[in-house]
Amino acid sequence: MKKLRSLLIGIIVIIIVLLAGAYELNKSTGQAGAKIVNIYNWGDYIDPALITKFEKETGYKVNYETFDSNEAMYTKIQQGGTSYDIAVPSEYMVEKMRNDHLLVKLDKKKLPNLKYIGKEYLNESFDPHNAYSVPYFWGTLGIIYNDKYYQASDVDTWAKLWNPRFKNQIMFIDGAREFIGIGLSSLGYSLNSTNDKQVEQAYEKLKSLTPNAKAIVSDEIKMYMVNGESNLAVTYSGEAVDMLSKNKHLHYVIPEEGTNLWFDNIVIPKGAKNLKGAYAFINFMLRPENAAQNAEYVGYSTPNEGALKLLPKSVTGDKQFYPSKQQLAKMEVYKNLGPKWLERYNDLFLELKMYRN
């Protein structure tokens with residue numbers, strides 16, 4: 001009997017401990033703590049001082065977690081183990097999350113500061129009428145070069161990358177859309193082409209570009225360019241900002257033919273427990289003074305017109321990262337091509353990498 005009683009007491013204690021743990025977990029995810037805003041963002045992608053300011057102004061406590069890829073973010077939200085009130089996916093992932101019913105449709109009446117976002121950054125194909133997302137930062141795909149060896153006129157078009165003088169010189173991003181897109185753009189075709197002949201022509205042309213490839217990599221581009229171990233690369237403007245700050249000889253060029261225009265966006269994931277806090281945070285970040293402060297800290301291009309008026313002319317006048325409307329008109333956002341064409345692009349890209357070898 002004593003053993004049975006001890007066993008029952010032990011079970012009760014375990015249950016109490018588990019319930020207390022569940023309560024704390026729920027509280028941390030916003031289920032029992034309406035004063036907590038759970039944010040899921042890229043690393044070092046917000047000025048920490050703004051989080052402190054938001055907490056002081058609103059009384060909310062921010063629980064801030066980071067991810068290193070759209071896919072990692074998607075998987076965690078899809079699994080539903082943790083409830084986030086805010087997430088920051090890129091444009092193609094917004095479309096995927098929207099199609100998979102993982103996002104909350106925005107109530108625009110609760111976002112009065114949305115008026116500060118420039119019209120040219122709204123109503124993109126990945127989220128018509130911005131029903132689910134608010135632009136956070138944006139940028140382009142371009143060419144970065146070292147002025148000790150090259151000048152802007154050497155690389156101001158995609159077509160010039162085929163110059164024989166660049167043999168074994170160029171570092172490329174390890175991405176099918178990016179690499180196939182260079183071929184398509186150089187031929188005057190859309191980055192989102194699903195025309196068999198156009199894609200095949202791009203593939204055939206890219207075969208003759210592969211001898212100029214020093215490497216097809218991801219994160220290594222930054223290290224090689226900053227250290228002067230490579231002097232020419234195709235990269236995203238967001239990465240270029242960091243490189244230019246670390247090496248005064250580096251410059252970024254947007255090719256004349258046009259290029260990819262990318263967006264990172266604020267969304268409210270399905271399952272968010274603190275909608276009021278989520279809307280408060282989005283409105284806070286849309287305020288011009290806060291958007292300007294964030295842009296100066298992060299270094300990426302802001303879509304906030306109010307913030308642009310507050311930023312130094314040395315920043316907003318830099319055509320490397322704030323291109324003209326004429327340049328923007330030539331740019332395209334990657335569309336979701338569907339499984340069939342995504343597989344085709346990936347297969348051709350793999351063949352090109354093997355062909356290079």
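## Pockets and cavities in a predicted model

Helix H4 (residues 91–99) is the top contributor to the lining of the largest pocket, giving five residues.

A quick word on ground rules. This is a predicted model, where local features need pLDDT of at least 70 and side-chain atom pairs count only at pLDDT 80 or more, while totals for chains, interfaces and linings use all residues. Residues are numbered from 1 along each chain as its sequence is written, and side-chain values use heavy atoms, with hydrogens and water left out.

**The pocket.** The largest pocket holds about 1700 Å³ of space. Its lining counts 46 residues, and Trp42, Asn70, Ser90, Tyr92 and Tyr236 are the closest to its centre. A pocket is an open set of points on a 1 Å grid over the protein atoms alone, with protein on both sides within 12 Å along at least five of seven lines; a cavity is a set where a 1.4 Å probe fits but cannot get out, and lining residues have an atom within 4 Å of a point. Points are joined across faces, edges and corners, and the volume is the space filled by probe spheres set on them.

**The cavities.** Searching the whole structure turns up four cavities of 30 Å³ or more. In the largest cavity, 13 residues form the lining, and Pro135, Tyr136, Met285, Ala291 and Thr302 sit closest to the centre. Strand S4 (134–146), helix H9 (275–286) and helix H10 (288–298) each give two or more residues to that lining, with S4 providing the largest share, four residues. The second largest cavity has a volume of about 50 Å³, and the residues lining it include Ile39, Tyr64, Tyr136 and Phe281.

Here is how the linings divide, counting Ala, Val, Leu, Ile, Met, Phe, Trp, Tyr, Cys and Pro as nonpolar, Asp, Glu, Lys and Arg as charged, and the others, Gly among them, as polar.

| Space | Volume | Lining residues |
|---|---|---|
| Largest cavity | about 120 Å³ | ten nonpolar, three polar, no charged |
| Second largest cavity | about 50 Å³ | eight nonpolar, one polar, no charged |

**Back to H4.** Glu91, Met93, Val94, Glu95 and Met97 are the buried residues of H4, where buried means under 20% relative accessible area (1.4 Å probe, protein chains only). Their cover includes helix H3 (70–79) and S9. After H4 comes His101, with a positive phi near 60°.

**Asn265.** This residue lies in strand S9 (residues 261–266). Asn265 is buried, with a relative accessible area of 0%. Its contacts (heavy atoms within 4.5 Å) include Glu91, Val94, Pro135 and Tyr136, leaving aside residues up to four places away in sequence. A polar atom of the Asn265 side chain also lies 3.3 Å from the backbone oxygen of Phe263.

**The whole chain.** There are 14 helices and nine strands, and 50% of the 357 residues count as buried. Of the contacts with a separation of 6 or more, 74% join residues 24 or more positions apart.

Definitions and conventions:
Polar contact = N/O pair within 3.5 Å; in protein donor to acceptor, adjacent residues only side chain to side chain.
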